[in-house]
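The stops below are given in the order in which to select them.

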Amino acid sequence: MRKKIVAGNWKMNKTAEEATALLSEVVNMIKDEVTGDVEVVLCPPALYLTTARQYLTPGGKISIGAQNCHEKASGAYTGEISAPMLQSIGVEYVILGHSERRQYFEETNAQLAEKVNIALENNVIPIFCCGESRDLRENGDYIGFVKDQITDSLFHLSAESFGKVVIAYEPIWAIGTGLTASSAQAQDMHFELRQHIASQYGDMIAQDTTILYGGSANAQNAAELFAQPDVDGGLIGGASLKSRDFTTVVKAAQ
Ligand SMILES: O=C(CO)COP(=O)(O)O
């Protein structure tokens with residue numbers, strides 16, 4: 001049985017004081033209200049990862065994730081953060097290949113393959129993001145495009161390593177726009193991606209791969225999205241910045 005996961009990507013939001021308040025609210029609400037089998041991954045800005053760690057109880061439902069890491073283990077890369085550093089402070093996950101990083105920081109599929117490698121070498125689980133633009137959705141082979149992102153950045157992995165990766169399908173046109181993919185659109189793409197994974201790694205691994213949906217998922221639409229057979233949870237942006245909304249989304253996945 002594959003894992004259900006709801007991850008909150010805070011992006012570049014919250015001062016230290018605000019972050020601490022949100023962490024404490026979210027941790028308490030999840031502890032009190034979420035009884036089912038769903039893993040929660042909080043991905044605050046890197047500056048607050050150590051603080052986030054201190055709020056978690058060992059063996060609990062909540063893990064922490066970074067929003068990015070560098071493809072090298074260490075060195076003269078001013079301003080960057082490496083996978084060994086993340087591991088050394090107890091970070092379990094790292095978001096890689098978010099469309100904002102692809103767009104604003106020109107991350108390529110080949111570079112992301114290196115980031116995936118170094119994360120896995122350091123026991124940090126990649127949450128690998130993929131997704132098409134609006135233009136591609138309307139005018140092109142958007143399914144092929146997203147499959148290629150997965151092929152180019154992940155299909156060099158051994159079956160054992162691939163089995164650790166979490167995929168997040170985030171159509172760019174749905175991110176921060178309020179334009180959620182319909183549950184049918186999400187299901188169709190997740191089904192296609194699972195078939196694609198099966199073609200490389202076989203049906204067992206494909207069935208065990210957690211595929212999250214991201215893009216304007218919120219307290220109102222999460223239940224319908226997560227009810228789709230191939231949607232295994234969500235990667236949540238805006239709605240992860242409010243403790244009540246985020247907890248409602250998490251509950252929708254249990
Ligand atoms: O990019 C996202 C999560 O990584 C989605 O953001 P929104 O939920 O704000 O659309």
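Predicted model: local features only at pLDDT ≥ 70, side-chain atom pairs only at ≥ 80, totals over all residues.

Setting aside residues within four places in sequence, Trp10 is in contact with Cys43, Pro44, Pro45, Ser240 and Leu241. Is Trp10 buried or exposed? Trp10 is buried, because 23 other C-beta atoms lie within 10 Å, and the cut-off for a buried residue is 20 or more.

Now widen the selection to Asn9, Trp10, Lys11, Gly176, Ser216, Gly237 and Gly238, which the unreviewed UniProt entry annotates as "binding site". These residues are spread over 230 residues of sequence, but they cluster in space, with a largest C-alpha distance of 13.8 Å.

From that set, pick Gly176. It sits in the loop between strand 6 (166–169) and helix 9 (183–201). Gly176 is exposed, having 12 other C-beta atoms within 10 Å. Beyond its neighbours within four places in sequence, Gly176 is in contact with Gly237 and Gly238, both of which carry the "binding site" annotation from UniProt.

Show the ligand next. Which residues come nearest to the ligand? Of the 14 residues around the ligand, these are Asn9, Gly214, Ser216, Gly237 and Gly238. By class, the shell around the ligand holds five nonpolar residues, eight polar and one charged.

Move on to His98 and Glu170, the pair that the unreviewed UniProt entry annotates as "active site". His98 is placed in the loop between strand 4 (93–96) and helix 4 (99–104), and it is buried, with 27 other C-beta atoms within 10 Å. Glu170 is placed in the loop between strand 6 and helix 9; with 27 C-beta neighbours inside 10 Å, Glu170 also counts as buried. To see what surrounds Glu170, leave out its neighbours within four places in sequence and display its contacts: Ser99, Cys129, Gly131, Ile175, Gly214, Gly215 and Leu235. Of these contacts of Glu170, Gly214 is also one of the residues that come nearest to the ligand.

Select helix 7, residues 142–154. Its 13 residues reach 18 Å from the first C-alpha to the last, close to the 18 Å expected at 1.5 Å a residue. Colour Tyr142, Val146, Lys147, Gln149, Ile150, Ser153 and Leu154, the buried residues of helix 7. Looking down the axis of helix 7, you will find these buried residues within an arc of 150°, so they line one face of the helix. An α-helix has 3.6 residues a turn, so residues three or four places apart point the same way. What covers the buried residues of helix 7? The cover includes helix 5 (109–121), strand 5 (125–130), helix 6 (134–139), helix 8 (159–162), strand 6 and helix 9.

The last stop is Ile125, in strand 5. Ile125 counts as buried because it has 20 C-beta neighbours inside 10 Å. Draw a C-alpha to C-alpha distance from Ile125 to Val165: the two are 40 residues apart in sequence and 6.0 Å apart in space. Apart from neighbours within four places in sequence, the contacts of Ile125 are Glu92, Tyr93, Lys164, Val165 and Val166.

Key. Residues numbered from 1 in each chain as written. UniProt positions renumbered as here; feature names shortened; annotations may be inferred. Contact = placed C-beta atoms within 7 Å. Helix = DSSP H or I, 4+ residues; strand = E, 2+ residues; numbered from the N terminus. Expected span 1.5 Å × (residues − 1). Arc of directions from axis to C-beta. Near = placed C-beta within 6 Å. Nonpolar A, V, L, I, M, F, W, Y, C, P; charged D, E, K, R; others polar.
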